[in-house]
Amino acid sequence: MNANQFLKAVEQLHGWREFAFIVALAERGFPNYALFADAVGLKTGAKMRQLLDVTWEMLQQEPSESAIPQLLTKLEALSPDVNAYDAYGVYPAFDFCRLLEQALLCRLNPDRHRATEASQWATATVVSFIEVSDGEALDEDELVRLLDQHPLMKADKAFQRDLVLALKRQRTPLERFVDELRDMAANDGISNIGISLQD
């Protein structure tokens with residue numbers, strides 16, 4: 001699947017597939033939030049995990065009308081203020097929060113397409129991390145080459161592509177399929193920028 005085919009496939013995601021795609025992107029970014037919260041002494045990792053789990057459950061259960069606005073309020077309270085921290089880790093942590101917010105908004109208002117933007121945000125987290133960790137002294141051409149060849153970029157592309165293909169093939173969000181999707185997104189606790197909950 002080339003870049004154009006991928007973009008088109010993401011644009012064609014609707015309903016539960018679009019929602020599942022965005023939740024899976026958030027799941028892949030969750031360790032970025034959990035490890036940041038831990039590092040700066042915020043006791044919010046478990047609460048955020050719970051919020052993400054509840055969001056996954058919406059693939060099987062119809063949430064009540066008031067549930068999603070309440071979850072969005074909770075999410076806002078748990079999201080870090082990027083201006084309040086000097087640590088780089090606040091940015092990937094905040095990116096995770098944005099993706100989870102998009103998933104909830106997608107469930108609240110399924111008529112507005114959000115998957116394409118969510119896909120770009122998830123990739124931007126990886127790009128920004130590579131630029132900060134490996135791209136400091138590089139000129140533009142060297143940076144393009146670095147991004148092109150970087151294992152984290154390749155992993156992000158492969159993950160998003162596999163996600164779209166899995167969703168396109170699946171007719172309904174059966175429990176077994178959702179479990180497989182969650183496992184694939186969780187990636188043994190390793191995030192899209194390669195940091196692990198086991199570290």
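Let's start with N187, which is partly exposed, with a relative accessible area of 27% (buried means under 20%, exposed over 50%, partly exposed in between, using a 1.4 Å probe and protein chains only). This is a predicted model, where local features need pLDDT of at least 70, side-chain atom pairs count only at pLDDT 80 or more, and totals for chains, interfaces and linings use all residues. Residues are numbered from 1 along each chain as its sequence is written, and side-chain values use heavy atoms, leaving out hydrogens and water.

You'll find N187 in the segment after helix 9 (helices are DSSP runs of H or I with at least four residues, strands are E runs of at least two, both numbered from the N terminus). D188 sits in the segment after helix 9 too, and this residue is exposed, with a relative accessible area of 68%.

Most residues other than glycine have a negative phi.

## Rings that pair up

How many aromatic pairs does the structure hold? There are 6 of them (rings of Phe, Tyr and Trp, the last by its six-membered ring, pair if their centres lie within 6.5 Å; planes under 30 degrees apart are stacked, over 60 edge-to-face, the rest tilted). One of them joins W16 and F177: the centres are 6.0 Å apart and the planes stand at 85°, so the pair is edge-to-face. W16 belongs to helix 2 (residues 15-39) and F177 to helix 9 (residues 175-186), so this pair ties together parts that are 161 residues apart in sequence. F177 is buried, at a relative accessible area of 9%.

Another pair brings Y33 and F96 together, this time tilted, with 5.7 Å from centre to centre and 45° between the planes. Y33 is in helix 2 and F96 in helix 5 (residues 90-108), 63 residues apart, and the pair links these distant parts of the chain. Are these two buried or exposed? Y33 is buried, with a relative accessible area of 1%, and F96 counts as buried at 1% as well.

## Charges over rings

Arginines join in here. The charged end of R28 sits over the ring of F159, 3.8 Å from the ring's centre (this takes NZ of Lys or CZ of Arg within 6 Å of the ring centre and within 35 degrees of the ring normal).

C97 is worth a stop. This helix 5 residue is buried, with a relative accessible area of 2%. Which residues does C97 touch, not counting those up to four places away in sequence? They are Y33, M48, L75, S79 and P80. Y33 turns up again here, the residue that makes a tilted pair with F96. C97 and E76 are 21 residues apart along the chain, and their C-alpha atoms are separated by 8.3 Å.

Key
Contact = heavy atoms within 4.5 Å.
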